[in-house]
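Subject: Structure handover

Hello,

Here is the structure you asked for. My notes follow below it.

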Amino acid sequence: EIWQELEGRAWGWQDDLRVDRNNPRTWDEHHWPKGGSTGIVASEECTGAMAWRNRLNPKLHEVFAALMGRRDLWVSVDRWGAMRPTRGIAMPTEDGAGTELVDRPSWKSQQQWLHWDLNPWAWTTDNPDEAGMPYEFRDFVIENNGAKNIGDRKLQGLLALSDSRECDGGFCTVPGFSRHLKEWADLSRGSHLAQRFASRLDFVRVPDGDPMQRQVQKIPARKGSVVVWSSEQPHCNYPNDSDRFRFVQYVKMFGAQSGAPGTELRADCLRKMLPPGLELSESDKMVLGLAEFSADRDTEARGW
């Protein structure tokens, strides 16, 4: 399905420049969607039938529910992640007579762009005037990123759609840093960095010289695995250094926000995005935010 989306449209300004999974010459920067520098496919949500089945998988909900200690969770509508191979690519020769193995180091994503999808100073402050904003729906990709800290765990995740060996590129983070986030934020509160990102509640970069940059660990994952991390941990993707593609689907869950500003717009957008013929159970509707959570209905629908 991810290939269907990659091949289904032109990502540049010329309609004839389209990606072809069977032709590595179309994997270059003229054909490939923007976002290649981060390993994330453009800024558009993945909305194919399989993407919906993945994010509505009851096992995924079980994982987040267990970690968050609550079942009334909404699922995000996020993006694909795709990293091109950068070594030993079987590239068609110019004359079309055969192939040759080539390296494409320019196809690598950024080396290290550690960040949080929240503002660490707003998230950890004791001053209500400096805290984040209450939930309000504006955009699916950054949904709940800048939300105010109300005591719930803030989690993000990805579903591995291919085996991700360490050399294939992928997710990396600083394990355990969530225990030190408040201390780090307090020590840097009022700094030039804090002032620079004061208006950004949904994305903050870690300074290049910060010692945590040396504590990054790469997280390989088998196909079909789910990786979940705390948003309090700085994280990013690291480059592919192999002859294989690396594919993932990003997903997160957060406490249901029934009645919050923008939720009617969110529901309308969801209904328009759902593929024709996709049948939703009552539990699916609850997890999407299209129906109110009920303990009895939720238990019956998911077999708890």
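First, a definition for the accessibility values: buried means under 20% relative accessible area, exposed means over 50%, and partly exposed is in between (1.4 Å probe, protein chains only). This is a predicted model: local features need pLDDT of at least 70, side-chain atom pairs count only at pLDDT 80 or more, and totals for chains, interfaces and linings use all residues. Residues are numbered from 1 along each chain as its sequence is written, and side-chain values use heavy atoms, with hydrogens and water left out.

Salt bridges

The structure holds 17 salt bridges. The criterion is a side-chain nitrogen of Lys or Arg within 4 Å of a carboxyl oxygen of Asp or Glu. Helices (H or I, at least four residues) and strands (E, at least two) are DSSP runs, numbered from the N terminus.

Take D268 and R271. They form a salt bridge, with the closest N and O atoms 3.3 Å apart. Both sit in helix α7 (residues 263-273), three residues apart, so about one helical turn separates them. D268 is partly exposed, with a relative accessible area of 40%. R271 is partly exposed too, at 48%.

E282 has a relative accessible area of 36% and counts as partly exposed. K285 is partly exposed at 30%.

K182 and D126 also form a salt bridge, and their closest N and O atoms are 3.6 Å apart. K182 lies in helix α5 (residues 181-188) and D126 in the loop between α4 (120-124) and β6, so the pair ties together parts that are 56 residues apart in sequence. K182 is partly exposed at 34% relative accessibility. D126 is exposed, at 68%.

Helix α5

Which residues of α5 are buried? They are L181, W184, A185 and S188. Seen down the axis of α5, these buried residues fall within an arc of 95°, so they line one face of the helix. The arc is that of the directions from the helix axis to the C-beta atoms. The buried residues pack against β5 (115-116), α4 and α6. Contact here means heavy atoms within 4.5 Å. Just after α5, G190 takes a positive phi of about 85°.

Four strands form an open antiparallel sheet, in the order β2-β12-β6-β10. Two strands pair if DSSP finds at least two bridges between them. The edge strands are β2 (80-83) and β10 (226-230), each pairing on one side only. The twist averages 25° from one strand to the next. Axes are lines fitted to C-alpha atoms, for helices over the stretch in contact, and angles run from 0 to 180 degrees between N-to-C directions.

Strand β6 (residues 155-160) pairs with β10 in the antiparallel sense, over five bridges. L155 stands opposite S230 in β10.

Helix α3 (residues 58-68) lies across β6, β10 and β12 (246-251), and runs at about 150° to β6. Its buried residues are L60, H61, F64, A65 and M68. Seen down the axis of α3, they fall within an arc of 130°, so they line one face of the helix. K59 and A66, on the other side of α3, are exposed.

Both ends of α3 have a feature to check. N57 caps the N-terminal end: a side-chain oxygen lies 2.8 Å from the backbone nitrogen of K59. G69 follows α3, with a positive phi near 75°.

The D202 loop

D202 is in the loop between α6 (192-196) and β8 (204-205). Is D202 buried or exposed? D202 counts as buried, at 17% relative accessibility. Its side chain makes a polar contact with the side chain of R200, at 3.0 Å. A polar contact is a pair of N or O atoms within 3.5 Å; within protein, one must be able to donate a hydrogen and the other to accept it, and residues adjacent in sequence count only if both atoms are side-chain atoms.

Not counting residues up to four places away in sequence, D202 touches W116, D117, L118, I142, N145 and G146. D202 and N144 are 58 residues apart in sequence and 8.2 Å apart in space, C-alpha to C-alpha.

Best wishes
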